Amino acid sequence: MRSRADVAGHSAPARRVPRAGRRAGRRRTAVIMLGVVGLVTVGAIVMWPMIDEALKEITLPLRHEDVIRQQARDKNLDPALIAAVIYRESKFRDVTSKAGAKGLMQILPSTAHFIARTSGGTEFEQGDLANPQINISYGAWYLRYLLDRYEGNTVAAVAAYNAGHGRVDAWGGKSLTVEDIRFPETVDYTNDVLEKRGDYASEYRSELGL
């Protein structure tokens, strides 16, 4: 006859789960995992347009597209080019540079006075440059002026927007290529504007009326 010590010292044999039960458990786990993956996938599909718009807002913002379209029509310009210059100059923010350039298209007061005088507009006031409509109007006018000056050479016009037409005249004028630009900053500026022009044309065709 076993003593209590003998009985206490021996545990009951481990209960074995039938093989069919183990398979059923694995199936339930797999189904749950598939459901979770499905929910995540559906959520990603639903949320992607909002995520895409948020990323565009950060990496390639666009505002005042109505003004850009209107100025592009009035001055026979590519709206994507105007948007690309604004992106490079201010990323669509109302800022003032250390040199005193103001607003979305970073117009210097001296350039604004030149534009107002040459275009026959009303007397210019510096505060006007904080107005997006006026700022984009002045910047678009100046782009058109530079394109006409360099007979449609976009590289020359964009480089002159950054470095001034006096330098571009000295570097080659209407025959200017990127390789002719002597300032690394202006090379980077010109290449970036031309690249962003393509990006805006691709990403915002309807907004820019393309």
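Colleague: How many helices and how many strands does the secondary structure of the protein chain come to?

Modeller: Start with the element count. This is a predicted model. The protein chain has 10 helices and zero strands. Read along the sequence, the pattern is α-α-α-α-α-α-α-α-α-α.

Colleague: What share of the residues of the protein chain count as buried?

Modeller: Buried means under 20% relative accessible area. By that cut-off, 35% of the 210 residues of the protein chain are buried. Then look at the surface. The protein chain exposes about 13,000 Å². Carbon and sulfur atoms supply 55% of that area.

Colleague: Among contacts between residues at least 6 apart in sequence, what share join residues at least 24 apart?

Modeller: In the protein chain, 53% of those contacts join residues at least 24 apart.

Colleague: Now a single helix. Which residues of helix α5 are buried?

Modeller: List the buried positions, then ask where they point. Helix α5 covers residues 109-119. Its buried residues are Pro 109, Thr 111, Ala 112, Ile 115 and Ala 116. These residues lie on the same side of α5, because they cover an arc of only 155° around the axis.

Colleague: Which residues are exposed on the other side of α5?

Modeller: Ser 110 and Arg 117 are exposed there.

Colleague: What do the buried residues of α5 pack against?

Modeller: They pack against α6, residues 132-149.

Colleague: Is Gln 106 buried or exposed? And is Glu 151 buried or exposed?

Modeller: Take each against the cut-offs. Gln 106 has a relative accessible area of 12%, so it is buried. Glu 151 has 60% relative accessibility, so it counts as exposed.

Colleague: Let us turn to pockets. How much space lies in the largest pocket?

Modeller: The general idea comes first. Rolling a probe the size of a water molecule over the atoms shows where empty space is left. Here the largest pocket holds about 390 Å³ of space.

Colleague: How many residues line the largest pocket, and which lie nearest its centre?

Modeller: The lining has 18 residues. Nearest the centre are Glu 89, Gln 106, Leu 108, Tyr 161 and Asn 162. Gln 106 is thus a lining residue, as well as a buried one with positive phi.

Colleague: Which elements give two or more residues to the lining of the largest pocket?

Modeller: They are α4, residues 79-90, and α7, residues 154-163. The largest share comes from α7, with four residues.

Colleague: What is the lining of the largest pocket like by class?

Modeller: Sort the lining by residue type. It has nine nonpolar, six polar and three charged residues.

Colleague: Charged residues next. Is Lys 196 buried or exposed?

Modeller: Do not judge by residue type alone; look up the accessibility. Lys 196 lies in helix α9. Its relative accessibility is 11%, so Lys 196 counts as buried.

Colleague: Leaving aside neighbours within four places in sequence, which residues is Lys 196 in contact with?

Modeller: Lys 196 is in contact with Leu 60, Ala 84 and Tyr 87.

Colleague: Where is Asp 94, and is Asp 94 buried or exposed?

Modeller: Asp 94 lies in the loop between α4 and α5. Its relative accessible area is 52%, and exposed means over 50%. So Asp 94 is exposed.

Colleague: Which residues does Asp 94 touch, not counting residues up to four places away in sequence?

Modeller: Asp 94 touches Gly 103, Leu 104 and Ala 130. Asp 94 and Met 105 are 11 residues apart in sequence. Their C-alpha atoms are 8.8 Å apart.

Colleague: Last one. Where is Arg 182 found?

Modeller: Arg 182 is in the loop between α8, residues 165-171, and α9, residues 184-203. At 57% relative accessibility, Arg 182 counts as exposed. Leaving aside neighbours within four places in sequence, Arg 182 is in contact with Ala 170 and Trp 171. Arg 182 and Trp 171 are 11 residues apart in sequence and 7.5 Å apart in space, C-alpha to C-alpha.

Technical notes: Residues numbered from 1 in each chain as written. Predicted model: local features only at pLDDT ≥ 70, side-chain atom pairs only at ≥ 80, totals over all residues. Heavy atoms only, no water. 1 Å grid on protein atoms, 1.4 Å probe; cavity = no way out; pocket = protein on both sides within 12 Å on 5 of 7 lines; lining within 4 Å. Points joined across faces, edges and corners; volume = space filled by probe spheres on them. Nonpolar A, V, L, I, M, F, W, Y, C, P; charged D, E, K, R; others polar. Buried < 20%, exposed > 50% of the residue type's maximum accessible area, 1.4 Å probe, protein only. Contact = heavy atoms within 4.5 Å. Areas by Shrake-Rupley, 256 points an atom, 1.4 Å probe, with all protein chains shown as cover. Arc of directions from axis to C-beta.
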